[in-house]
Amino acid sequence: MGADPAVWTVGAAGADPAVEAVTADPAVETAGAVTADPAAGAVGAAARTGRFGVRADGSPVAAEPDAPTTGTPPTVRDRGAADPGPSGRVPGTAPPTGARPDTADLAGGGLARRATADPLFRLVAYALEAAHGRPPAAVWSAPYAFRLGSPGLVAAAGWPTAAAAAPRDDGLVRLSSLGHPADSCDLPLTLSGPLPDAPAWAVRPYTVLRALARAGYGRGGTDLHVQGSLTGAAGLATAEPADCAVALAVTDVHAAPGERPDRVFLAQLLAGALPEGDDGLRRAVFHARPGRALLLGARPRRRRYVAFDPAASGARLVLMAVRGEAADHPRELARAVSCARRAGALSAWQPGRRPGRSLLVLLPETRLAAVRSAVAGDFRGRDRPVPRFLNIAVAGAARREE
């Protein structure tokens, strides 16, 4: 691979003269390619073999071949819905108010009280029951997602947002979140017209619920609880994983037993309802694979992946988020990356489409402590808040928590 000048390699700065590192946004001048020190040999070797490769024209190097959607969800069977959704399928109608007997014990009260379950999912299941008086019929987790520096590549992080839902049949939606404990709300579900008066945090999930209802999912209403494991201060997009978790949970609880949400359809629905969101990140949430980056293409039901597993090559992927005033973020990020480069970081890039408070940094595992120490020392020396560091594992897609 090193002989191909058309290859961009994630995190391979300095490994081969013919290989360019993925760079951050041009506005952050110090976040580009750097020369790896001898400690980065394992990463450089992985880069030369094409383990992380993608060509400059967007085509993958050693990518997995085109394949149809694995385990494509079956189309929703006709259960007497009033009209078909935009996908051309007839969505299911809502069961009676209350948790479904076939899932309540498993994903609701059972999950909330299972000592071996992930604490976030136990908490979300219990919180819905505490807020709304009944256990959820389903709990879904959706990973935070990020963009790679190479064009058209997205991946998921090993940090989830969770949504717990239970169906209703009285046209009411009841929304709650541990992130907004004083702002739970009960709202009538309307298909059009102005949004009802609601707390700011609830506007987005209500918009998703309304779009689903227009498509025939959940017209009877839903009890919903949403909670993330990260806040916006971490620097990853929080809206898109929450949108996906809500869409999956609500579709699930309003479908017939055995039917699974159609993720391609839901991505299209969310793109229409929330056009300001990042569709690429949503597709990563829905379709990511562990140790892989998803190559975005024009055919959403046929996907291609490129190997992207820093840990397997002795590297670390770290999210570095600065604090303080928003106007200072570009300058402080540039300063932080400059310090990280001198301490051995390989490359850095923005996790989203627009500049924010954070950058993803790829570095040899052996240089992690040195990089953190160098950045922290510089910021403390200037009496500035020390940036946050968050380890990122390349994770899989959204899933139903059982």
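Me: Which residue of strand 9 stands opposite Ala164?
Reply: This is a predicted model, in which local features need pLDDT of at least 70 and side-chain atom pairs count only at pLDDT 80 or more, whereas totals for chains, interfaces and linings use all residues. Residues are numbered from 1 along each chain as its sequence is written, and side-chain values use heavy atoms, with hydrogens and water left out. Strand 6 and strand 9 (residues 221–228) run antiparallel over seven bridges, where strands (E, at least two residues) and helices (H or I, at least four) are DSSP runs numbered from the N terminus, and two strands pair if DSSP finds at least two bridges between them. Within strand 9, the residue opposite Ala164 is His225.

Me: How many bridges pair strand 5 with strand 6?
Reply: Strand 5 (residues 138–147) and strand 6 form a hairpin with five residues between the strands, and in this hairpin Gly152 takes a positive phi near 80 degrees. Arg147 has Val154 of strand 6 as its bridge partner. The two strands pair in the antiparallel sense, and the number of bridges is nine.

Me: Which residue of strand 10 is the bridge partner of Val154?
Reply: Strand 6 also pairs in the antiparallel sense with strand 10 (residues 292–295), over two bridges. In strand 10, the bridge partner of Val154 is Leu294.

Me: How many of the 15 residues of strand 6 are buried?
Reply: Buried is taken as under 20% relative accessible area, exposed as over 50% and partly exposed as in between, with a 1.4 Å probe and protein chains only. Strand 6 (residues 153–167) is largely enclosed by the rest of the structure, because its buried residues number 13.

Me: Which residue caps the N-terminal end of helix 6?
Reply: Helix 6 (residues 263–273) is largely enclosed by the rest of the structure, because eight of its eleven residues are buried, including Phe265, Leu269 and Ala273. These buried residues pack against several elements, among them strand 5, helix 4 (200–214) and helix 7 (279–287). At the N-terminal end, a side-chain oxygen lies 3.2 Å from the backbone nitrogen of Val264, and the capping residue that supplies this oxygen is Asp262.

Me: What is the relative accessible area of Asp383?
Reply: Asp383 sits in the loop between helix 9 (368–381) and strand 15 (388–391). Although Asp383 is not a glycine, its phi is positive, at about 55 degrees. Asp383 counts as exposed because its relative accessible area is 72%.

Definitions and conventions: Contact = heavy atoms within 4.5 Å. Polar contact = N/O pair within 3.5 Å; in protein donor to acceptor, adjacent residues only side chain to side chain.
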